[in-house]
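Let's take a walk through this structure together, one stop at a time.

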Amino acid sequence: MNNFIFQSPTRIIFGKDSENQVGAEVKKFTKKVLLHYGGGSIKKTGLYNRVTASLKENNIEYIELSGVQPNPRVSLVREGIELCRKNDIDFILAVGGGSVIDSSKAIAVGVPYEGDVWDFYIGKSKINDSLPLGVVLTLPAAGSEASPSSVLTNEDGWLKKGTGSDLIRPKFAIMNPELTFTLPAYQTACGVADMMAHIMERYFTHTTDVDLTDRLCEATFRTIIDNAPKLIIDPEDYAARAEIMWAGTIAHNGLLGTGREEDWASHSIEHELSAIYDVAHGAGLAVVFPAWMKYVYKHNVSRFVQFAVRVWNLENDFHHPEKTALKGIEKTKEFFSSIGLPVTLEELGIMDDRLDEMADKCTAGDTVTQGRFVKLNKKDVYEIYKLASE
Ligand code: NZQ
Ligand code: ZN
């Protein structure tokens with residue numbers, strides 16, 4: 001096990017009606033917030049009314065900025081930063097999914113920063129100050145409600161980049177599984193793929209003596225695999241919604257990666273897809289991850305065998321462990337398909353051939369590599385896109 005520091009300070013307020021506590025939580029920090037949300041789902045579901053009522057009850061003034069798009073854009077973030085500065089706002093309240101939370105995090109770091117917020121996403125500046133933020137989560141997927149990261153898209157060049165700092169972990173996350181009843185089945189499935197990907201990015205490692213986190217990863221995988229299909233049948237299954245919602249946070253608050261080297265190549269490879277084609281991140285991962293697995297599994301067959309046996313309950317073929325490893329990969333793909341996700345680029349709606357361009361962007365013109373399990377150069381990334389076409 002590697003040395004590590006782990007701090008996950010987000011206060012989780014979980015369960016039925018928990019959104020009604022939002023005003024009381026915000027009050028601990030401020031009397032005035034930026035209420036940031038997306039394209040209107042929170043108005044349709046009535047959540048907007050409950051959140052604003054709770055803010056009013058607690059005498060919290062709020063200024064609104066709506067319109068966050070999936071794959072959130074830097075242009076709206078810049079607008080949010082100006083709005084906060086003009087109105088002396090010192091707390092951001094995100095009500096929505098990963099895109100709203102990431103946009104809120106970007107505003108939070110942009111307000112106290114003199115330069116352009118995009119600097120943080122291209123590594124030109126490091127985050128050393130941030131406004132605090134809180135979250136009412138409506139979509140379990142990105143894990144941003146307790147993660148130290150934010151991912152933004154810059155329309156100028158369609159670049160999708162991430163930044164991170166413990167300073168942007170939300171102060172609180174209100175998580176009521178009932179708020180996710182209204183999710184379209186496809187969005188639920190995309191969330192499931194994303195949270196599984198967050199575990200896989202950590203599970204596939206060469207670090208040895210990580211039994212505890214291996215077992216925690218496997219338990220979280222199993223919980224997701226058992227409960228996700230229930231939601232496709234009954235979107236209002238509270239028990240299953242609750243398991244999936246909590247799994248999404250556990251998958252990405254950092255706990256499962258403690259003491260081990262993480263990979264993250266598949267995320268970088270996917271980000272090129274959602275940057276150019278504006279596809280849902282989770283759907284992109286369902287296509288990319290099995291392709292990545294096929295490309296790299298020979299570098300540590302026993303780890304892939306462990307995945308096949310413990311996560312998918314497959315029997316090990318002792319004489320041909322590679323076959324077992326491949327079966328585990330196939331099972332992963334079948335599972336994604338079974339919950340309605342695309343597993344090839346074509347199924348994702350990508351017919352044209354921009355693979356070389358994406359591989360080039362992903363590796364900054366073949367000057368950097370992606371991933372740690374195997375360090376991938378431009379040609380490797382290109383081959384993974386090719387495998388994702390099959
Ligand atoms: O905009 P509204 O109208 O709210 O609709 C949203 C949006 O269209 C809808 N939605 C959300 N909650 C709903 C709902 N519809 C009905 N009922 C509800 N309860 O769902 C759509 C997608 O929302 P979005 O926030 O984009 O999805 P998600 O949570 O999957 O977030 C994806 C973003 O997170 C980034 C991704 O790259 C992507 O940009 N990620 C962020 C990470 C982080 N900060 O730690 C890590 C992840 O790996 C990921 O990269
Ligand atoms: Zn992700």
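Asp17 sits in the loop between strand 1 (11–14) and helix 1 (22–27); helices here are DSSP runs of H or I with at least four residues, strands are runs of E with at least two, and both are numbered from the N terminus. Asp17 has a positive phi of about 65 degrees even though it isn't a glycine. Its relative accessible area is 47%, so Asp17 is partly exposed (buried is under 20%, exposed over 50%, partly exposed in between, with a 1.4 Å probe and protein chains only).

Before going further: this is a predicted model, where local features need pLDDT of at least 70, side-chain atom pairs count only at pLDDT 80 or more, and totals for chains, interfaces and linings use all residues. Residues are numbered from 1 along each chain as its sequence is written, chains are lettered from A and ligands numbered from 1 in the order in which they are written, and side-chain values use heavy atoms, leaving out hydrogens and water.

Trp264 also has a positive phi without being a glycine, near 75 degrees. You'll find Trp264 in the loop between helix 8 (238–250) and helix 9 (265–277). With a relative accessible area of 21%, Trp264 is partly exposed.

Because Asp194 lies in helix 6 (residues 185–203) and His281 in helix 10 (residues 281–296), the pair ties together parts that are 87 residues apart in sequence. Asp194 is buried, at 3% relative accessible area, and His281 counts as buried at 16%.

Stay with helix 6 and look at its neighbor, helix 12 (residues 321–338): their axes come within 11 Å and cross at roughly 160 degrees. Axes are lines fitted to C-alpha atoms, for helices over the stretch in contact, and angles run from 0 to 180 degrees between N-to-C directions. That makes helix 6 roughly antiparallel to helix 12 (angles over 145 degrees count as roughly antiparallel, under 35 as roughly parallel, 65 to 115 as roughly perpendicular and the rest as oblique). Val192, Ala193, Met196 and Met200 of helix 6 make the contact with Thr332, Phe335 and Phe336 of helix 12, where contact means heavy atoms within 4.5 Å.
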